[in-house]
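Let's take a walk through this model together. Have a look at the structure first, and then we'll go through it piece by piece.

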Amino acid sequence: MTHVPPDYEFVIRPTRGWFHLDLADVWRYRDLLFLLVQRDFVAKYKQTILGPLWFIIQPLLMSVVFTVIFGKVAKIPTDGLPPMLFYLAGLLGWTYFAQTFQSTSATLVANAGMFGKVYFPRLVVPLSSVISNLIALAIQLGTFLCFWMWFKFFTTAGSTFGFTSDIVWIPLLIVQISALSLGVGLWLSALTAKYRDFTFLSGFIIQIWMYMTPVIYPLSQIPQEWQWVAVLNPMSMPVEAMKYMFLGQGVVIPAYFAVSVGMTAFLLVTGVLLFNKVERTFVDTV
Amino acid sequence: MWIPCKRRSLISIFVPMSRPIIEVESVSKRYKLGQFNAQTMREEVEQFFQRFRKKGEAAGIPHAPTNSSEFWALKDISFSVEPGEVVGIIGRNAAGKSTLLKILSRITEPTSGEIRIRGRVASLLEVGTGFHPELTGRENIYLNGTILGMTKAEVKAKFDEIVAFAEIDKFLDTPVKRYSSGMYVRLAFAVAAHLEPEILIVDEVLAVGDLNFQKKCLGKMQDISANNGRTVLFVSHNLTAINAFCHRGVFLDHGRLTEHGAISDVINAYVSSNLHNKDQTLSVFDAPRSGGDQKAITEAWVENKSGQVVNEALIDEPIFICYRFNADRILKNPGYGFGVNDMLGQRIFSFANYVTRGEPFADAKEGVVVCCIPKTRLLPGQYIISLGLGERGGVSVDYIEQALKLQIISRDIFGTGKMFEAAHGYVCVDGEISLRDA
């Protein structure tokens with residue numbers, strides 16, 4: 001272990017209040033963070049034949065199902081874009097959000113055994129989920145770009161879409177989605193620690209939430225006077241923006257975006273504080 | 001780099017290093033009993049809003065007591081530990097040992113009180129925390145090491161030592177789910193043993209693994225404290241190990257600190273804590289009988305030399321096995337018998353006045369019989385005491401095969417910190433080994 005100065009002193013006492021967040025401690029455990037990412041990644045597809053190919057297959061299958069059900073059967077319009085590409089673009093951000101939400105919301109309960117036996121900053125675990133899902137997102141992004149090029153250069157629909165210059169904002173957009181999924185996930189995780197009802201709720205929330213988000217339909221399908229309702233959902237703008245950046249179609253309004261970013265910031269900060277508060281004694285109640 | 005530190009190092013020269021490395025000050029821990037349900041949730045929500053309303057006077061206890069029942073796992077515990085000490089924490093089940101360790105390892109927080117820790121802590125409350133069955137031994141060494149607080153570079157530096165200690169080099173790249181349980185435990189302990197914190201907190205992890213490995217672990221821990229001057233807190237039920245390994249002890253009883261000091265005093269306090277009042281003798285009237293014609297034996301108990309009723313005794317401490325009898329007739333030339341069996345029902349020894357006394361006892365209808373054994377020298381463990389009452393001519397009046405339980409507790413009688421174990425027999429006789437000139 002690293003050298004400790006002679007006057008090092010650590011005080012354990014009951015904490016009152018909400019603002020005892022020790023981010024320096026999280027930084028000290030950064031090696032653990034990356035080993036947990038590695039563990040998630042390696043362990044997930046051990047003893048499977050296709051291995052990490054599943055990262056590609058899952059969203060592809062989803063898109064095919066959506067194309068058939070929502071495109072062909074329900075005939076929901078896709079802003080004139082090739083349906084397959086439209087769904088893939090919508091699913092990019094959404095899948096990342098949903099996966100991260102589900103793994104972070106399970107943090108406290110799924111790791112109760114380990115948390116009951118050893119101390120490390122608990123925030124390391126949900127952060128590692130965010131990062132390991134980021135790797136999955138990168139793989140999906142690669143797949144998406146392959147399809148994008150195929151549609152662009154080998155089909156007649158090629159002229160109907162294209163990148164917009166706003167694509168340079170994509171890293172920030174991903175940061176926002178990460179922050180939002182982490183914030184909401186931490187809220188759920190903290191609530192689940194004491195009342196397991198929220199475990200059942202989290203699966204339900206994510207399903208409902210997808211239909212409230214313009215993943216399978218464009219925001220333009222919602223009448224203008226009702227669009228503000230859809231925008232109260234902080235995931236609407238990021239998903240719509242992702243389609244807009246890659247395909248050039250979508251309703252992105254700066255004021256709506258500001259609302260989404262504001263809500264994200266609020267959910268992240270309160271989520272982290274609540275998680276941090278609950279985490280201190282949660283092994284007593286789990 | 002050293003200039004800003006100069007003042008600090010001067011201070012550390014002139015101020016004697018007598019500051020305790022751990023100071024525990026009136027620490028208490030409360031648990032809530034019962035289920036969490038809609039009512040507890042409503043209470044919490046109400047409390048939350050109440051605190052907002054009365055912000056001015058809000059500096060009270062974080063969770064105001066509610067009508068749900070509570071349990072104090074620790075109550076007002078204070079003690080301190082000097083650097084380099086090895087402290088044994090003893091107590092019976094539910095005495096609060098685990099809670100204390102959890103608070104010291106920052107797994108949970110105390111309800112009130114304060115602990116100052118002047119050094120990095122590594123706690124080993126379980127071997128193999130965070131091991132992932134799908135990962136290989138190599139991957140798990142890194143993962144487990146960082147979970148326990150090492151950096152990746154530190155694990156790397158110790159990697160070869162860890163592998164050598166665990167004796168698993170052939171299986172390094174096999175997933176640990178294919179390991180035998182022995183290999184798994186060896187690997188897990190090896191990682192933990194190579195942590196280098198100032199303070200090491202160890203729960204009864206040594207109870208796992210085979211005997212040889214347990215010895216190796218104890219040896220390693222002794223090494224850590226003796227050669228590296230580290231502070232160790234050690235919880236165990238194995239009093240022989242505690243006695244050999246620890247300098248000082250803390251004895252917890254029902255959440256309170258009963259004794260704190262030199263290890264021999266603490267062990268004595270522990271052993272004598274199970275005393276009952278004289279009137280708390282055990283009624284054996286309803287115990288099943290294995291012989292005799294009546295239920296003449298009514299009560300039985302074991303006393304120590306101060307006349308207190310006990311169910312535990314040190315290996316070399318005098319014990320007095322007593323029973324009260326009340327027969328339906330005057331027994332002519334009565335015979336009083338005692339036997340001690342191990343838990344498997346094997347008789348270790350017997351004691352009876354027909355054998356040990358030249359002259360018979362006077363005729364009696366009732367009375368209290370006492371059998372004094374100056375030193376049982378039984379190996380530490382649980383024993384069952386049998387009681388018998390007879391009459392002239394070998395007539396059995398009453399016989400209880402399983403009347404009392406007695407726990408024999410180890411003491412370092414040879415002054416070596418070692419004691420014979422179950423594999424060595426039943427008793428530990430007096431004696432000595434020496435070499436004679438050829």
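How many residues does the contact take from chain B and from chain A? Chain B gives 44 residues and chain A gives 33 residues, where contact means that C-beta atoms, placed from the backbone, lie within 7 Å. Please keep in mind that this is a predicted model: local features need pLDDT of at least 70, side-chain atom pairs count only at pLDDT 80 or more, and totals for chains, interfaces and linings use all residues. Residues are numbered from 1 along each chain as its sequence is written, while chains are lettered from A and ligands numbered from 1 in the order in which they are written.

On the side of chain B that touches chain A, β4(B) provides the largest share, five residues. (Helices are DSSP runs of H or I with at least four residues, strands are E runs of at least two, and both are numbered from the N terminus.) Strand β1 of chain A, residues 10–12, pairs with β4(B) in the antiparallel sense over three bridges; pairing requires at least two DSSP bridges. Here Val11(A) has Arg116(B) as its bridge partner.

Now turn to the open sheet of chain B, where six strands follow the order β5-β6-β7-β3-β8-β9 with mixed pairing. Its edge strands are β5 (121–124) and β9 (256–262), each pairing on one side only.

Finally, visit Phe189(B) in helix α6 of chain B, residues 181–193. Phe189(B) counts as buried because it has 26 C-beta neighbours inside 10 Å, and the cut-off for buried is 20 or more other C-beta atoms within 10 Å, with C-beta atoms placed from the backbone.

Note on methods. Contact = placed C-beta atoms within 7 Å. Buried ≥ 20, exposed ≤ 12 C-beta atoms within 10 Å, placed from the backbone.
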